[in-house]
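Here's a quick briefing on a protein chain, written for someone just starting out with structures. Have a look at the model first, then work through the points below.

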Amino acid sequence: MIGVVLAAIFLGPPLWFNEVETGYMYTGPFVGAILGFILSGLLADWSTKLMIRRNKGIYEPEFRIVLVAAQLVFGCIGLYGFGITAADVGRYGWFLPDLFFAFEVGGMVLGAVASALYIVDAHRDIAVEAFTCLLIFKNIFSFGLTWGAYEWVTTVGISKTFYIVASIQVGICLLSIPMSMWMRMAV
C-alpha cells in the first residue's frame with residue numbers, strides 16, 4: 001500500500017522530491033526487511049521452544065503462529081506511524097515516514113515467515129499447493145491495491161486510509177488467536 005502511494009506523497013509539495021529522491025525512500029524498507037528476517041529467525045525458534053516447554057515437551061505446528069504477535073506490533077507501528085507522518089510531511093519531514101515504512105516492511109516479513117513456517121510444519125504434504133495459493137492471493141490482492149489505492153488515498157486522505165488499513169491488519173492478526181486455538185482442538 002505504501003509503495004503504491006509513495007510517489008504521490010513525496011513528489012509534490014511540500015518536499016518536492018524528484019524521482020531519485022523518492023526512490024531513496026525505499027532504503028528504510030530495505031533495512032526493515034533485513035531486520036525483519038533477522039528478528040524472525042531469532043524469534044521463530046525461540047518462541048517455538050518456549051511454547052514446547054509450556055506444552056510439556058510436545059511440539060505443535062500452531063506454535064509458529066505466535067510470530068504473528070510480532071507482526072502485529074511492528075506492522076501496526078509502521079502503518080499507523082506512516083499514516084500520521086506522511087499526512088503532514090511538511091511537519092515531520094521525510095525521515096519518520098521512511099522509518100515507519102521500515103517498520104511496516106519488517107512486520108510484513110515477520111508475517112510471511114510465520115505463515116511459511118506454519119504451512120511447512122502443519123501441511124507438509126500440500127506445502128507446494130498452499131504456497132501457490134498464497135502467491136495467487138498475494139498477487140490478486142496487490143493488483144487490487146495498485147488499481148484503487150491512489151484514488152482511495154486522494155479521496156479519503158492519507159491518515160484515514162492508513163488508519164483503516166492498520167485497523168484491518170489488527171483484526172486479521174488477532175484472528176490468529178482463535179485460529180491457533182481452534183486448530184489445536186481440531187487435532
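Let's start with α1 and α4, whose axes come within 12 Å of each other and cross at roughly 15 degrees. Angles under 35 degrees count as roughly parallel, so α1 is roughly parallel to α4. Keep in mind that this is a predicted model.

**How α1 meets α4**

- When α1 passes α4, the crossing is left-handed.
- On the α1 side, the contact is made by Ile 2, Leu 6 and Ile 9.
- On the α4 side, Leu 79, Phe 82 and Ala 86 do the touching.
- Sort the residues of this α1–α4 contact by class and you get six nonpolar, no polar and no charged.

**How α6 meets α7**

- Now for another pair: α6 and α7 pack at an angle of about 150 degrees, and their axes are 9 Å apart.
- Since angles over 145 degrees count as roughly antiparallel, α6 is roughly antiparallel to α7.
- The crossing of α6 and α7 is right-handed.
- From α6, the contact draws on Ser 115, Ala 116, Ile 119 and Val 120.
- From α7, it draws on Ala 127, Ala 130, Phe 131 and Leu 134.
- By class, the contact of α6 with α7 has seven nonpolar residues, one polar and no charged.

**The largest pocket**

- How big is the volume of the largest pocket? It comes to about 1600 Å³.
- There are 37 residues lining this pocket, and the closest to its centre are Gln 71, Met 108, Phe 137, Lys 138 and Phe 141.
- Which helix gives the largest share of the lining? That's α6, with eleven residues.
- Split by class, the lining of the largest pocket has 27 nonpolar, eight polar and two charged residues.

**The chain as a whole**

- If you count up the secondary structure of the chain, you find nine helices and zero strands.
- Reading from the N terminus on, the elements run α-α-α-α-α-α-α-α-α.
- Taken along the principal axes, the C-alpha atoms of the chain fill a box of roughly 60 × 30 × 25 Å.

How values were computed
Residues numbered from 1 in each chain as written. Predicted model: local features only at pLDDT ≥ 70, side-chain atom pairs only at ≥ 80, totals over all residues. Heavy atoms only, no water. 1 Å grid on protein atoms, 1.4 Å probe; cavity = no way out; pocket = protein on both sides within 12 Å on 5 of 7 lines; lining within 4 Å. Points joined across faces, edges and corners; volume = space filled by probe spheres on them. Helix = DSSP H or I, 4+ residues; strand = E, 2+ residues; numbered from the N terminus. Nonpolar A, V, L, I, M, F, W, Y, C, P; charged D, E, K, R; others polar. Axes fitted to C-alpha atoms, helices over the stretch in contact; angles between N-to-C directions. Parallel < 35°, antiparallel > 145°, perpendicular 65-115°, else oblique. Left-handed = near helix turned anticlockwise from the far one by under 90°. Contact = heavy atoms within 4.5 Å.
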